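Subject: Handing over a structure, with notes on what was found

Dear colleague,

I am passing a structure on to you, and I would be glad if you looked through it with the notes below at hand.

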Amino acid sequence: MEKFDAIVIGAGAAGLFCAAQAGQRGLRVLVLDNGKKAGRKILMSGGGRCNFTNLYTEPAAYLSHNPHFCKSALARFTQWDFIALVQKYQIAYHEKTLGQLFCDDSAQQIIDLLLAECELGTVTVRLRSEVTSVEKQGEEFVVTVNGKQVSTHSLIVACGGLSMPGLGATPFGYRLAEQFGLPVLPTRAALVPFTLHKPLLAELQALSGVAVPATVTAQNGTRFAENILFTHRGLSGPAILQISSYWQPGEYVSINLLPGTDLAEFFAVQREKHPNLSLRNALAKLLPKRLVECLQTMGDLPDVALNQLSKAAQQDITDKLQNWQVQPNGTEGYRTAEVTLGGMDTLALSSKTMEARDVQGLYFIGEVTDVTGWLGGYNFQWAWSSAWACAQALPFAPAEC
């Protein structure tokens, strides 16, 4: 039976980076993944350019039932550390918005970086390798993969969550935790588009493809100011994806379609200059014409000229445009979700090493843990940080007598 100092299950961002760091410390490391290619989720991320970190990474940008858990790893391997690695490989990158860093060329460059780092650590990567069982025998874990057994003193679970099953996502990591008696918190899709109830959806479908800057607020007060995008199934765009992590079924979200605009002042100026201008044409100066027409068809905007607009009607319009209450029907689910909320309960893990407190030698890193970042590179940074913390803690297997 082959023996390794560490076996990593999952050849994604966290798994490859952890393996590389451990290998470069001198450990004999094996990476197992059931896919045909390493880093499948990396390759399609950021529109194919991989939003590999965020300049403004901080613990406040992460959701977890144990909010202090991520602090140690994020502080010990920061966004600046990963940026330095990207620069070492001479990968050109740019800031798109709000601190989000993307490759100029392709996400494949990040995968190549990780595989090159693995080569430096003499890491063995085996793809098309399906793990069918894991057993603890004394101080060792015996892993059955493709009908053969390999063993290790350190087993790192880096197989991600449930998001994007088309890329091979499975509940394997959660099942493994439960097999060893470790707690797993309920999971749900996060950073995911909303679907809408049929009456509203039918009225808004004409807007499919229209994007507008907006501020979206959840019922708990959390808000994000970015674009929203109308789709043929509901609402998407950065602000919607962000707020989806804070939304609970049955709740409403408030959408301000004109953030930073004083509508009372706008109407006063327009009424003085163009008293006979229709409300529709006036608002078309602020919003896409298709959106204004749709709102008018829905009965949210009266078909009147500005000089016919009463104060009460003006206030009603302001409320509807700057505090539009929308109750999503649900979300698009794991099929399109960028990440999974919930997962391995971090109260059962060491925040310094990522090791399970009650199962020596078993580690959980990356998305499989109950740590979910905002949209914009935060989840990749958690992958790098948690992987690095784990790799530094992995011990060498004791020499056999």
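In which strand is glutamine 149 found? Glutamine 149 belongs to strand β10, and before going further please keep in mind that this is a predicted model.

Strand β10 is largely enclosed by the rest of the structure, because eight of its 10 residues are buried. Glutamine 149, by contrast, counts as partly exposed, since its relative accessibility is 39%. If neighbours within four places in sequence are left aside, glutamine 149 is in contact with Met1, Glu2, Val142, Val143 and Thr144. Leucine 74 lies well away from this place: glutamine 149 and leucine 74 are 75 residues apart in sequence, and their C-alpha atoms are 35 Å apart in space.

Threonine 144 lies in strand β9 (residues 140-145) and is buried, because its relative accessible area is 14%, which is under the 20% cut-off. Apart from residues up to four places away in sequence, threonine 144 touches Glu130, Val131, Thr132, Ser133 and Gln149.

**The nonpolar cores**

The largest nonpolar core has 84 residues, and among these Ile110 and Leu362 touch the most other members. Helix α13 (residues 378-393) gives the most to this core, with 10 residues. Isoleucine 110 itself touches Ile42, Cys50, Phe52, Val86, Ile91, Cys103 and Trp384, when residues up to four places away in sequence are not counted. There is also a second, separate core of 50 residues, which includes Ala190, Val212, Leu258 and Phe267.

Cysteine 50, one of the residues touched by isoleucine 110, is placed in the loop between α2 (40-44) and β3 (51-54). With a relative accessibility of 0%, cysteine 50 counts as buried, and its phi is near 55°, a positive value in a residue other than glycine. Methionine 164 is another non-glycine residue with a positive phi, in this case near 60°. Methionine 164 has its place in the loop between β10 (148-157) and α6 (172-179), and at 12% relative accessibility it counts as buried.

**Packing of α4 and α5**

Helix α4 (residues 79-88) packs with helix α5 (residues 108-120) at an angle of about 90°, and their axes are 11 Å apart. The two helices are therefore roughly perpendicular to each other. Leu85, Val86 and Lys88 of α4 make the contact with Ile110, Leu113 and Glu117 of α5. Sorted by class, this contact has four nonpolar and two charged residues, and no polar ones.

Elsewhere in the chain, seven strands form an open sheet in the order β17-β16-β13-β14-β15-β12-β18, with antiparallel pairing. Strands β17 (324-326) and β18 (328-331) stand at the edges, and each has a single partner strand, so one side of each is left without a neighbour in the sheet. On average, and with direction ignored, neighbouring strands of this sheet are turned by 40° against each other.

Within this sheet, strand β14 (residues 223-230) is joined to strand β15 (residues 234-236) by two bridges, the two running antiparallel, and phenylalanine 230 stands opposite leucine 235 in β15. Helix α12 (residues 311-322) lies across β16 (253-256) and β17, and runs at about 110° to β16.

With best regards

Conventions
Residues are numbered from 1 along each chain as its sequence is written. This is a predicted model: local features need pLDDT of at least 70, side-chain atom pairs count only at pLDDT 80 or more; totals for chains, interfaces and linings use all residues. Side-chain values use heavy atoms; hydrogens and water are left out. Axes are lines fitted to C-alpha atoms, for helices over the stretch in contact, and angles run from 0 to 180 degrees between N-to-C directions. Helices (H or I, at least four residues) and strands (E, at least two) are DSSP runs, numbered from the N terminus. Angles under 35 degrees count as roughly parallel, over 145 as roughly antiparallel, 65 to 115 as roughly perpendicular and the rest as oblique. Contact means heavy atoms within 4.5 Å. Ala, Val, Leu, Ile, Met, Phe, Trp, Tyr, Cys and Pro count as nonpolar, Asp, Glu, Lys and Arg as charged, and the others, Gly among them, as polar. Buried means under 20% relative accessible area, exposed over 50%, partly exposed in between (1.4 Å probe, protein chains only). Two strands pair if DSSP finds at least two bridges between them. A nonpolar core is a set of buried Ala, Val, Leu, Ile, Met, Phe, Trp, Tyr and Cys residues joined through side-chain atoms within 4.5 Å.
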